[in-house]
Amino acid sequence: MQPMEPIGLGDLVDLDVFPVHEPTSAGYVAAVDTARVGLRSDGCAVLGGFVRTEAVAKVNAEIYERKHATHYSTQVMNPYFHTDFNPDYPAGHPVNTFIERSSGFIPGDAWDPGCATDVLFRAPEVARFIADCLEIGALHCYDDPLAGLTSNICDPGQQFTWHFDTNDFAVTVLVQPAADGGLFEYVPQIRSADDEGFDAIAEVLAGGRDGVRTLELRPGDLQIFRGRHSLHRVTRVGAGSRPRHAAIFAYTLEPGVIGRVERTRQLFGRVLSQHEEAERERVRSDALLD
């Protein structure tokens with residue numbers, strides 16, 4: 001059997017439109033400037049068609065090949081991923097408002113080195129480009145063995161309800177949209193590091209639409225999103241729809257970062273020794289509920 005040809009960056013990214021390999025080119029600067037406009041205004045940038053059509057099909061095939069490794073879970077949780085009533089807050093408060101989250105994640109250790117999804121995630125040119133979009137010095141691939149490279153799966157009837165991220169930003173590529181539902185919605189900057197924004201959050205959880213923005217992403221779109229302070233969700237996928245597949249590429253400001261034990265167990269159903277060791281040494285960067 002002949003060995004597989006290595007997958008090149010140009011096989012995955014539309015380098016004519018997004019020349020991530022040429023950081024001094026006019027096209028690179030234009031793409032970065034476009035992303036910065038969105039990130040500065042509301043914490044979200046969408047670069048349409050970043051991943052080539054043929055590569056999207058390849059990544060989707062890799063997801064289907066690994067769906068058997070998906071950890072599915074259904075929880076009734078608040079926006080901070082907590083599942084228990086907190087007597088320090090009244091009933092109906094965002095801390096005590098619980099909504100179904102039902103979806104799955106393919107863990108990082110299910111991906112083969114050198115597969116298309118892995119190559120796209122680990123390409124230093126892509127990490128540099130995203131760092132420039134975010135206006136930070138450099139990014140490193142998230143070293144978490146489960147949460148570094150993942151795919152979020154929303155099968156028919158599932159939803160990823162309103163929540164906040166524990167990290168400052170997330171990078172995703174929509175691979176397969178749902179035929180019905182599965183839309184990304186967010187409320188930009190609804191809280192800050194020193195203000196939880198409970199009143200505004202309560203209105204959204206009650207069904208209010210003030211400030212809610214909806215994205216109709218297309219396959220191959222790269223999304224850079226600041227989800228630490230922006231409430232967001234993926235709406236329920238229709239019962240007769242195809243599944244929604246998204247590749248999630250996690251990067252960190254410093255090398256060697258490992259995820260939190262509680263959130264890792266919620267999303268992947270297990271933790272490894274690396275998570276337990278990192279938890280003992282962790283120092284929080286803010287005092288938000290999570």
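Start by selecting F18, Y28, F50 and F129: together they make up one aromatic cluster. Before you go on, know that this is a predicted model, where local features need pLDDT of at least 70, side-chain atom pairs count only at pLDDT 80 or more, and totals for chains, interfaces and linings use all residues. Residues are numbered from 1 along each chain as its sequence is written, and side-chain values use heavy atoms, with hydrogens and water left out.

Searching the whole structure turns up 13 aromatic pairs. Rings of Phe, Tyr and Trp (its six-membered ring) pair if their centres lie within 6.5 Å; planes under 30 degrees apart count as stacked, over 60 as edge-to-face and the rest as tilted.

Zoom in on F18 and F50. Their ring centres are 5.3 Å apart with planes at 55°, so this pair is tilted. F18 sits in the loop between α1 (9-12) and α2 (26-42), and F50 in the loop between β1 (44-47) and α3 (53-65), so the pair ties together parts 32 residues apart in sequence. Helices (H or I, at least four residues) and strands (E, at least two) are DSSP runs, numbered from the N terminus.

Next, pick Y186 and F225, an edge-to-face pair at 5.4 Å centre to centre, with 80° between the planes. Y186 is in strand β8 (residues 184-187) and F225 in strand β10 (residues 222-225), 39 residues apart.

Last stop: R191, whose charged end sits over the ring of F164, 3.8 Å from its centre. For that, NZ of Lys or CZ of Arg must be within 6 Å of the ring centre and within 35 degrees of the ring normal.
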